[in-house]
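Visitor: I would like to go through this complex with you, beginning with the overall picture and then turning to how the chains meet. Could you take my questions as they come?

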Amino acid sequence: MELQTLTYLVVGFTFSVYIGIALWARAGSTKEFYVAGGGIHPIANGMATAADWMSAASFIGMAGLIAFLGYGGSVFLMGWTGGFVLLAMLLAPYLRKYGKFTVPEFIGDRFYSKTARIVAVICLIVASVTYVIGQMKGIGVAFSRFLEVDYGTGLLVGMVIVFFYAVLGGMKGITYTQIAQYCVLIFAYTIPAIFISLNLTGNPIPQLGLGSTMVGSETFLLDRLDQVVMDLGFAEYTTSARLSTLNMFVYTLSLMIGTAGLPHVIIRFFTVPTVKAARSSAGWALIFIAILYTTAPAVAAMARFNLMETIQPATATENLKYDERPQWFKNWEKTGLLKFEDKNGDGRIQYTADKASNEMVKVDRDIMVLANPEIAKLPNWVIALVAAGGLAAALSTAAGLLLAIASAISHDLLKGVFRPNISDKQELMASRVAMAGAIAFSGYLGFNPPDFAAGTVALAFGLAASSIFPVLMMGIFNKRINKEGAIAGMLTGLSVTLLYVFQHKGVMFIADTSFLGDLPANWFLGIEPNAFGAVGAVCNFAVAFAVSAVTKAPPKEVQELVEHIRVPMGVEAAQDH
Amino acid sequence: MSFKSESDAKAYWKENVGLMFKLLVVWFAVSFGCGILLVDVLNEIRIGGYKLGFWFAQQGAIYTFVVLVFVYSHLMGKLDRKYGVHEE
């Protein structure tokens with residue numbers, strides 16, 4: 001069957017499954033809309049968390065970036081998994097014990113202040129909207145390829161679908177839908193990886209294939225890859241660090257603490273029945289995530305190898321003729337994400353590290369995972385499956401994030417602060433309007449995203465890392481931090497990070513408005529903007545401690561609240577709020 | 001609060017933080033240690049086609065993280081029972 005028809009079928013089928021589940025489990029009450037009525041099993045919750053967590057950045061973006069960064073791409077692998085260790089030990093059990101709907105609600109209560117709650121809402125919205133921009137990039141890439149249109153049109157189609165999808169159901173729909181989405185995305189990710197690993201190394205397990213020898217040769221795959229890329233003047237794959245050791249350290253830390261501070265992931269731990277379940281649920285989520293994250297390095301290395309071998313074969317004496325380029329090449333050219341320019345006019349493709357003679361003028365990193373099965377000449381149904389998986393990843397995360405944004409606005413701002421008497425129905429309405437607004441806004445910025453999908457998402461993590469994580473952690477582990485400290489800390493962390501990002505990436509990520517330019521020479525200690533969240537977090541901690549030390553200690557009942565959340569026993573059932 | 005005494009509550013929290021700290025040392029060692037700071041040294045050693053430092057950064061750290069979370073979950077369950085603050 002033809003590829004496009006097959007893709008329509010597979011994508012159409014998976015979508016009807018998700019929508020069917022969403023309709024079947026349609027959110028009735030406000031409570032269900034947010035936290036799925038409590039009482040979801042840790043394994044099921046872990047799977048849903050994994051789908052929520054693994055977005056277009058993980059599925060579509062990450063392996064493509066690693067393919068070109070090599071060892072330097074490890075920051076994403078360690079950062080986006082290591083954060084779960086922090087989440088499981090530092091936050092999840094305590095926030096579950098506390099047991100409310102949203103993260104700003106906890107911050108508002110712990111720091112006995114409506115202002116703190118409003119500041120938390122602002123931090124949450126800034127981080128989540130940035131995150132959604134990254135998803136929009138991924139969705140745009142997937143739809144542009146799948147419909148064979150340019151990126152902008154693909155993005156518009158994606159926005160409409162996300163709108164219907166996220167506004168239709170609430171968390172309850174989403175929890176079951178996300179389990180289905182996890183299954184689709186993990187199959188879609190691992191099956192092509194298994195095929196490609198078998199083809200190249202004869203080992204069906206990609207994690208082992210990456211460390212094996214090539215079929216019919218004594219040379220290890222990674223050694224061969226190092227050789228191939230270095231011959232063309234690129235940096236050695238297995239050793240090239242991302243800018244510097246310090247930058248890698250800070251980048252990894254930023255992604256880790258950002259993971260633990262992202263509201264749409266934290267909110268998932270409110271849905272399990274007990275504190276014990278919250279702890280183990282984090283472990284299950286991490287297992288489901290690790291399946292993809294340990295496969296990704298193999299996908300990355302093998303995709304890079306196949307790409308190089310196809311476009312610039314090391315064994316051939318002459319370069320590939322442009323007229324004889326493979327079908328996938330032509331398809332991706334239509335999206336505008338892959339561009340060739342015949343600089344020396346010989347009608348052949350030269351792909352080198354040298355900017356002056358390199359004729360592959362644009363290879364968008366976000367196309368690699370989707371193009372990978374085509375480059376490796378896998379059967380059409382595998383390619384269709386990957387498209388469905390990419391969309392599942394992007395949709396599930398976008399929906400989870402939009403829900404977090406919606407609940408922050410309707411539940412925390414409207415009901416919690418400005419309009420306490422609002423009815424359930426009005427609250428639900430407000431959250432749907434908020435979702436629509438967030439989709440339109442982030443979609444608009446998605447036309448010119450600040451970075452590739454994974455890079456944009458990394459920015460979002462930096463923002464969450466610098467603003468939300470520190471106050472949550474201090475709120476649990478230190479009784480002395482008071483409202484003045486927390487508010488000052490959040491504002492400092494967010495503004496330090498945002499200012500640094502804006503001055504290099506442009507105000508609201510509009511490139512022309514960056515006042516220092518995105519140039520390594522202007523970076524503080526050589527730390528790139530995507531990695532700056534960790535520095536912002538340090539500022540947040542320092543300011544919060546300093547301010548708390550010179551202001552009044554929190555009242556007695558708040559100190560008792562902290563004592564209360566530190567003990568697992570006596571947890572309220574999630575249904576009882 | 002359901003501890004038998006104030007000192008029990010203090011001891012429980014102290015053990016909890018102690019356990020967390022030990023596990024976080026491992027967390028730091030496999031990722032920031034082996035994967036970033038010591039990567040060049042470890043890359044001298046090879047397991048199959050993997051340079052060891054590279055392996056930690058792209059595989060080993062992740063496997064360790066999974067184990068850490070389950071170890072934490074299990075040991076905290078034991079600690080809860082020891083102090084009688086576990087859930088039914």
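Visitor: What ipTM and pTM does the predictor give the complex?

Guide: This is a predicted model, and the predictor assigns the complex an ipTM of 0.95 and a pTM of 0.90. For chain B, the mean pLDDT is 92, with 97% of its residues reaching 70 or more.

Visitor: How many helices and strands does chain A have?

Guide: Chain A has 22 helices and 2 strands. Its radius of gyration is 24 Å, close to the 25 Å that the globule rule gives for 577 residues, so chain A is as compact as a globular protein of that length. The C-alpha trace of chain A spans about 80 × 50 × 45 Å along its principal axes.

Visitor: And what share of the residues in chain A is buried?

Guide: Buried residues account for 60% of the 577 in chain A. Of the contacts in chain A between residues at least 6 apart in sequence, 81% join residues at least 24 apart.

Visitor: Now chain B. What pattern does it follow along the sequence?

Guide: The pattern of chain B is α-α-β-β-α, made up of 3 helices and 2 strands. With a radius of gyration of 18 Å, well over the 12 Å that the globule rule gives for 88 residues, chain B is more spread out than a compact globule. Its C-alpha trace spans about 55 × 25 × 15 Å along the principal axes, and 40% of its 88 residues are buried.

Visitor: How many residues of each chain are in contact with the other?

Guide: The contact involves 44 residues of chain A and 36 residues of chain B. On the chain A side, helix 5 (74-98), helix 11 (221-231), helix 12 (245-261) and helix 14 (275-311) each supply at least two residues. Helix 14 of chain A gives the most, with 12 residues. The chain A side divides into 23 nonpolar, 16 polar and 5 charged residues.

Visitor: Back to helix 5 of chain A. Why is it called roughly antiparallel to helix 1 of chain B?

Guide: The axes of helix 5 of chain A and helix 1 (residues 6-37) of chain B cross at roughly 175 degrees and come within 11 Å. Angles over 145 degrees count as roughly antiparallel, and the two helices are therefore described in that way.

Visitor: Which residues make that contact?

Guide: Helix 5 of chain A contributes Ser74(A), Met78(A), Gly82(A), Val85(A) and Met89(A), while helix 1 of chain B contributes Met20(B), Leu23(B), Trp27(B), Ser31(B) and Gly35(B). The residues of this contact comprise 6 nonpolar, 4 polar and no charged.

Methods. Residues are numbered from 1 along each chain as its sequence is written. Chains are lettered from A and ligands numbered from 1 in the order in which they are written. This is a predicted model: local features need pLDDT of at least 70, side-chain atom pairs count only at pLDDT 80 or more; totals for chains, interfaces and linings use all residues. Two residues are in contact if their C-beta atoms, placed from the backbone, lie within 7 Å. Helices (H or I, at least four residues) and strands (E, at least two) are DSSP runs, numbered from the N terminus. Ala, Val, Leu, Ile, Met, Phe, Trp, Tyr, Cys and Pro count as nonpolar, Asp, Glu, Lys and Arg as charged, and the others, Gly among them, as polar. Axes are lines fitted to C-alpha atoms, for helices over the stretch in contact, and angles run from 0 to 180 degrees between N-to-C directions. Angles under 35 degrees count as roughly parallel, over 145 as roughly antiparallel, 65 to 115 as roughly perpendicular and the rest as oblique. pLDDT is the predictor's confidence in each residue, from 0 to 100. The radius of gyration is taken over C-alpha atoms; the globule rule is 2.2 Å times the number of residues to the power 0.38. A residue is buried if 20 or more other C-beta atoms lie within 10 Å of its own, exposed if 12 or fewer, and partly exposed in between; C-beta atoms are placed from the backbone.
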